[in-house]
Amino acid sequence: MSSDLIIIGTAVLVAANCASIGAFLVLRQMAMMSDAISHAVLLGIVIAVFVVGGRETVPVIVGGVLSGILTVSLVELLYRTGRLKKDSSIGIVFPFLFAIGVILVTQAGNVHVDAQHVLYGSIEFAPFDTLYVDEINIGSKSLWVLGILAVANISFISILYKELKISTFDASFAVSVGLMPVLIHYLLMIMVATTAVVAFESVGAIMVIAFFIVPAAGSYLLTDRLSRMIPLSVTLGIVSAVAGYLFALSADVSIAGSMATMAGIVFGLIWVFAPHRGLVSRWRRNSKQRFEVDVGIMLTHLNNKIEPHHQLTSSSISDALGWTIEYSRKVCEFSLDEKLVKKDESGRLLLTESGRKKAEHYTSG
Amino acid sequence: MVLEEILSVLVGIFTDYTLRYVALGSAILGITSGALGCFTLLRKQSLFGDALSHAALPGIGIAYLFAGTKDSMLLMLGAAVFAWFGGIVTLGITSTTRIKQDAALGITLSVFFGMGIVILTYLQSIGGASQGGLDRFLFGQAAALIESDVINLGILAAGCFVVLIVFFKEFKIATFDGAFAQSLGYPTKYLGALLTSVIVVAVVIGLHTVGVVLMVAMLIAPAAAARQWISGLKSMLILSAIFGGISGIVGSMISSMTEGMSTGPVIVITITAILGISLVFSPKQGYLFKYLRKKRNYQGNSSKIGNISENGRSRG
């Protein structure tokens with residue numbers, strides 16, 4: 001397999017793994033917990049490397065998951081005492097564990113972990129790390145590990161889908177029907193930690209967070225159904241990963257960094273252009289509503305001022321209501337088209353029967 | 001042996017040129033972030049600092065890209081602009097979509113950081129070794145501080161404190177009761193923006209010493225530690241600044257004793273240790289005294305219960 005394909009495959013699998021679990025993190029408002037876990041796994045990885053004396057896959061994953069659980073437990077311990085808020089506890093626990101990890105990395109010469117690569121990974125080297133079974137080369141290690149993780153994540157989500165869904169949207173209902181949301185919470189955290197530590201190896205701490213949160217947040221703006229949000233989030237993650245890789249190749253910059261940037265661009269596009277929740281459609285909805293209200297205001301105005309000698313034209317409306325001439329003309333034209341008003345022979349505006357009804361409806365209700 | 005080493009470092013603060021500036025720079029950071037962190041803690045915006053510090057990274061790269069110098073004032077200006085922008089993006093996401101604050105912070109910090117890494121690696125690919133000094137902002141390298149850097153940091157910190165002293169009453173009311181402040185006619189929106197700006201400055205100061213990643217701890221931990229001892233805002237600010245300053249000095253001293261050790265992590269571990277001590281030993285709320293009180297109450301109660309049952313029996 002060519003090395004480009006291995007890198008893209010690794011990136012796609014990282015994106016898919018993180019984005020699927022990330023949907024739950026965004027919905028459960030635990031996005032920053034994934035921030036904490038993805039930093040803290042460093043400590044577990046480094047300790048595992050110390051203990052085993054090399055970067056064996058299984059001990060590294062176990063170490064990372066254990067330190068992820070330690071992070072979650074420490075945060076809850078601090079937060080349960082009532083002395084600190086939850087976000088403060090997160091902001092204290094993870095820098096502390098990460099700082100210990102960084103010191104261990106920089107002080108121990110024999111650990112082949114570079115402090116900066118902790119942050120933005122070394123996916124570039126994925127093709128050179130191959131897995132051997134009985135001394136037969138069976139292909140890229142990262143692809144195998146991430147593939148197994150993907151199977152684990154898919155089974156986790158599909159087996160516990162109902163439990164995850166109910167405990168995410170209505171935790172107290174979940175308790176009342178005996179679904180044990182606390183257990184689900186810890187299982188989810190274990191999956192987050194496992195995903196973080198595996199993905200950490202290839203893309204680094206910050207990019208793990210990008211893939212956990214950004215695609216899921218984007219798909220949250222596009223759909224209201226959890227069953228659609230998860231595949232959509234995975235798709236957005238994969239698109240950002242591939243686009244990021246292509247950009248990194250052409251500009252000769254960090255692959256992981258440009259993937260996170262692409263994820264941000266994809267999110268930005270959704271934020272602006274999303275069909276119902278995007279900025280553009282929000283703005284259009286708002287201005288449409290304002291226009292409708294203004295038509296009502298004009299009809300009410302006409303209804304109040306119906307006296308034979310009163311000259312009501314679009315310019316006198318603009319004076320009376322403080323609108324610009326163009327805007328009053330627009331409102332008048334709309335009302336003429338809708339047959340809410342009509343013009344008599346001298347150009348004055350008069351309410352039609354339906355216009356009068358509408359105006360009275362506004363004033364009475 | 002260890003004692004001798006510590007002594008020589010202590011003496012070094014006054015005699016050794018480099019160490020003096022390292023300790024001074026770290027102390028300036030600790031004091032500023034300690035004082036301002038109280039507001040982020042009390043306004044329940046603890047992790048806002050995390051997003052701001054990560055968002056500053058592309059600013060450093062872009063400032064260097066356009067100016068071509070490593071002049072620290074210019075880099076800090078770039079960092080400040082981007083940190084501010086990151087804050088606005090976060091607020092924009094939460095105020096125009098249904099995405100909650102935690103996810104908005106996560107989006108800002110990871111995407112801006114990714115952009116920063118892209119720009120830094122781009123600089124590396126075009127400029128070779130000349131970029132070398134920029135990645136020290138990731139974990140902070142106080143050992144690289146020189147006199148002019150420290151003077152710049154001092155000026156920025158002084159600016160923060162002037163704003164803090166002038167607007168202390170306004171910040172206080174806006175923090176504890178925003179609605180009340182608004183009803184009194186305070187421009188709470190502008191006050192919030194001003195407070196964010198001084199926090200941005202504190203973050204920018206921190207980039208030199210603790211770096212982008214660990215900055216959040218410097219805002220939260222001193223304030224959280226001070227909160228365990230004191231409840232008045234003014235005294236909490238002072239104590240928090242003292243805790244921050246101590247951790248800056250102690251941390252930079254410890255890291256200067258070991259070769260190649262980043263300052264940031266050591267300072268963060270020091271301030272977390274201070275917080276841990278505060279959580280356990282603070283007289284009013286600490287675990288230790290709570291535990292002792294509980295035990296005493298329990299014993300007192302059980303002896304009372306014993307008395308009651310004795311009485312009951314004697315009567316029967």
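Student: Which residues does His185(A) touch, not counting residues up to four places away in sequence?

Tutor: Leaving those neighbours out, His185(A) touches Arg28(A), Met30(A), Val72(A) and Glu76(A), where contact means heavy atoms within 4.5 Å. This is a predicted model, in which local features need pLDDT of at least 70 and side-chain atom pairs count only at pLDDT 80 or more, while totals for chains, interfaces and linings use all residues. Residues are numbered from 1 along each chain as its sequence is written, chains are lettered from A and ligands numbered from 1 in the order in which they are written, and side-chain values use heavy atoms, with hydrogens and water left out.

Student: Where does His185(A) sit, and how far apart in space are His185(A) and Arg28(A)?

Tutor: His185(A) belongs to helix α9 (residues 181-203) of chain A; helices (H or I, at least four residues) and strands (E, at least two) are DSSP runs numbered from the N terminus. From C-alpha to C-alpha, His185(A) and Arg28(A) are 9.7 Å apart, although 157 residues separate them in sequence.

Student: Is His185(A) buried or exposed?

Tutor: His185(A) counts as buried because its relative accessibility is 11%, given that buried means under 20% relative accessible area, exposed over 50%, and partly exposed in between (1.4 Å probe, protein chains only).

Student: And what about His39(A), what is it in contact with?

Tutor: His39(A) lies in helix α2 (residues 31-52) of chain A and is buried, with a relative accessible area of 0%. Apart from neighbours within four places in sequence, His39(A) is in contact with Phe94(A), Phe98(A), Ala205(A), Ile206(A) and Ile209(A), and also with Val213(B).

Student: Switching to chain B, how many helices and strands does it have?

Tutor: Chain B has 14 helices and zero strands. Buried residues make up 54% of its 316 residues, and among contacts in chain B between residues at least 6 apart in sequence, 73% join residues at least 24 apart.

Student: At what angle do α3(B) and α10(B) cross?

Tutor: The axes of helix α3 (residues 48-67) and helix α10 (residues 188-209), both of chain B, cross at roughly 65 degrees and come within 10 Å; axes are lines fitted to C-alpha atoms, for helices over the stretch in contact, and angles run from 0 to 180 degrees between N-to-C directions.

Student: Which residues meet there?

Tutor: From α3(B) come Phe48(B), Gly49(B), Leu52(B), Ser53(B), Ala56(B) and Ile60(B), and they meet Thr196(B), Ile199(B), Val200(B), Val203(B) and Leu207(B) of α10(B). Sorted by class, this contact has eight nonpolar, three polar and no charged residues, with Ala, Val, Leu, Ile, Met, Phe, Trp, Tyr, Cys and Pro counted as nonpolar, Asp, Glu, Lys and Arg as charged, and the others, Gly among them, as polar.

Student: How many disulfides are there over all chains?

Tutor: A search of the whole structure finds zero disulfides, a disulfide being a pair of cysteine sulfur atoms within 2.5 Å. Cys38(B), for one, is in no disulfide.

Student: What sort of pair do Phe167(B) and Phe171(B) make?

Tutor: That pair is tilted, because the ring centres of Phe167(B) and Phe171(B) are 6.1 Å apart and the planes are at 35 degrees. Phe167(B) is partly exposed at 29% relative accessibility, whereas Phe171(B) is buried, with a relative accessible area of 1%.

Student: Which residues do ring pairs link into a cluster?

Tutor: Ring pairs join Phe291(A), Trp323(A), Tyr327(A) and Phe334(A) into a cluster.

Terms used
Phe/Tyr/Trp six-rings, centres within 6.5 Å; stacked < 30°, edge-to-face > 60°.
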